[in-house]
Protein chains: 2
Amino acid sequence: MAPRQDSPAVLADRLHSAAIHLLRRLRREDDASGLSAPRLSALSVIVFGGPLPIGALAAAEQVRVPTMSRVVSSLEQDGLVRRVPDADDKRVVRIAATATGKALLQAGRARRVSALAAEIAQLTTEQRKHLSTAVPLLEQLATLDSGERHKRR
Amino acid sequence: MAPRQDSPAVLADRLHSAAIHLLRRLRREDDASGLSAPRLSALSVIVFGGPLPIGALAAAEQVRVPTMSRVVSSLEQDGLVRRVPDADDKRVVRIAATATGKALLQAGRARRVSALAAEIAQLTTEQRKHLSTAVPLLEQLATLDSGERHKRR
DNA sequence: TTGATTTACTTAGCTTTGCTAACTAACATA
DNA sequence: TATGTTAGTTAGCAAAGCTAAGTAAATCAA
């Protein structure tokens with residue numbers, strides 16, 4: 001049962017594919033939030049990333065600043081986020097989640113996560129141990145900076 | 001170093017988050033394809049899922065049928081897919097990738113995967129072994145059917 | 001075997017989300 | 001002070017999402 005086919009390329013390919021399918025499946029839980037995918041995703045970054053300037057938010061979502069500006073406006077109209085002027089630099093506007101926004105996001109996240117948790121709970125103890133060992137590795141792969149070699153266009 | 005915090009809920013939460021960040025990072029490789037995210041994703045399902053009817057494709061992409069119909073039309077105009085009439089049932093149109101479409105997708109996939117493979121290659125042998133053990137578990141979690149309990153709306 | 005219903009897809013028309021270009025305001029600097 | 005840079009908004013267009021309505025083929029009931 002020991003894996004032999006563990007070349008980086010094969011591993012990368014399978015990991016990539018598994019991640020895609022996993023998220024695609026979990027995304028079905030998101031209808032219940034009443035928010036579109038871009039809005040929900042932006043709200044998530046705002047809630048977990050603390051108050052952020054529009055530019056940082058746009059970068060995190062891999063979207064241009066004007067696009068994010070508009071999404072923020074709609075979230076603001078829904079009462080989910082607030083534009084907070086920055087004291088140091090009056091050009092920047094920090095976006096903070098309201099209590100409503102946080103609650104809405106947490107509920108959705110709970111739905112996603114509990115769907116997954118229910119399945120993880122059905123794994124054997126040993127399988128769960130393997131997963132526990134691997135998750136920090138995934139986190140590491142997920143946050144590597146990859147050299148910022150990507151052009152700004 | 002043995003993980004103790006491995007309750008299903010915590011594990012699910014971290015796995016979920018890691019998967020999101022991993023894919024978000026890899027998505028940056030996709031600019032080079034010249035295709036938008038929805039088109040690239042649809043093309044991927046077509047290439048790997050074989051010729052598929054529009055409806056199946058829409059379900060896979062979690063999008064309504066008319067939306068997918070239009071995306072397919074644009075991919076068709078770009079010469080990346082073909083509409084193939086079904087012999088058995090003349091209502092259905094199967095979407096097949098052209099050689100050009102396959103080549104374009106494979107190139108993009110190679111970019112993504114090799115970016116990830118480069119990082120996996122930098123892990124220790126033991127870390128890679130852990131990852132190898134966990135990937136089949138991820139695949140399992142990714143493909144579980146979750147009971148089809150979701151409404152059609 | 002006709003007639004009604006269902007199914008697969010397209011077309012039409014609207015909203016949202018992506019973009020670039022152009023503008024305003026504030027900061028930084030020469 | 002003038003000059004340029006940076007953060008954000010506004011405007012306007014294309015792509016991508018949706019529902020509603022239409023067409024054609026398949027299925028099913030009388």
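Predicted model: local features only at pLDDT ≥ 70, side-chain atom pairs only at ≥ 80, totals over all residues.

1. Two residues are taken to be in contact if their C-beta atoms, placed from the backbone, lie within 7 Å. On that basis, the contact takes 48 residues from chain A and 49 residues from chain B.

2. The side of chain A that touches chain B deserves attention next. Three helices of chain A, namely α1 (8–26), α5 (99–120) and α6 (125–143), each supply at least two residues to that side. Helix α1(A) provides the largest share, 16 residues. By class, the side of chain A that touches chain B comprises 27 nonpolar, ten polar and eleven charged residues.

3. How are the two chains related? A rotation of 179°, with 0.1 Å of shift along its axis, superposes chain A on chain B with an RMSD of 0.2 Å. The two copies are thus related as by a two-fold rotation axis. The same surface serves both copies, since 100% of the contact residues of chain A recur in chain B.

4. One helix pair that spans the two chains is α1(A) with α5(B). Their axes come within 8 Å and cross at roughly 120°. That angle makes α1(A) oblique to α5(B), and the crossing of the two helices is right-handed. From α1(A), the contact is made by A:Pro8, A:Ala9, A:Leu11, A:Ala12, A:Asp13, A:Leu15 and A:His16. From α5(B), the residues taking part are B:Arg112, B:Val113, B:Leu116, B:Ala117 and B:Ile120. The residues of the contact of α1(A) with α5(B) divide into nine nonpolar, one polar and two charged.

5. Within chain A, helices α2(A) and α5(A) pack at an angle of about 110°, with their axes 10 Å apart. Are these helices roughly perpendicular or roughly parallel to each other? Angles of 65 to 115 degrees count as roughly perpendicular, and α2(A) and α5(A) are therefore roughly perpendicular to each other. In passing α5(A), helix α2(A) makes a left-handed crossing. On the α2(A) side, A:Leu40, A:Leu43, A:Ser44 and A:Val47 meet A:Gly101, A:Lys102, A:Leu105 and A:Gly108 of α5(A). This contact of α2(A) with α5(A) has four nonpolar, three polar and one charged residues.

6. For chain B, the corresponding helices are α2 (residues 37–49) and α5 (residues 99–120), which pack at an angle of about 110° with their axes 10 Å apart. That makes α2(B) roughly perpendicular to α5(B). The crossing of α2(B) and α5(B) is left-handed. Helix α2(B) contributes B:Leu40, B:Leu43, B:Ser44 and B:Val47 to the contact, and α5(B) contributes B:Gly101, B:Lys102, B:Leu105 and B:Gly108. By class, four nonpolar, three polar and one charged residues form the contact of α2(B) with α5(B).

7. The surface near DNA strand C divides into ten nonpolar, five polar and eight charged residues.

8. DNA strand D is surrounded by 23 residues, and the closest are A:Pro53, A:Gly55, A:Pro66, A:Ser69 and B:Arg64. At least two residues of the surface near DNA strand D are supplied by each of α3 (54–61) and α4 of chain A together with α2 and α4 of chain B. The largest share of the surface near DNA strand D, four residues, comes from α4(B). By class, the surface near DNA strand D holds ten nonpolar, five polar and eight charged residues.

Conventions:
Residues numbered from 1 in each chain as written. Chains lettered and ligands numbered in written order. Nonpolar A, V, L, I, M, F, W, Y, C, P; charged D, E, K, R; others polar. Axes fitted to C-alpha atoms, helices over the stretch in contact; angles between N-to-C directions. Parallel < 35°, antiparallel > 145°, perpendicular 65-115°, else oblique. Left-handed = near helix turned anticlockwise from the far one by under 90°. Least-squares fit on C-alpha atoms with pLDDT ≥ 70 in both. Near = placed C-beta within 6 Å.
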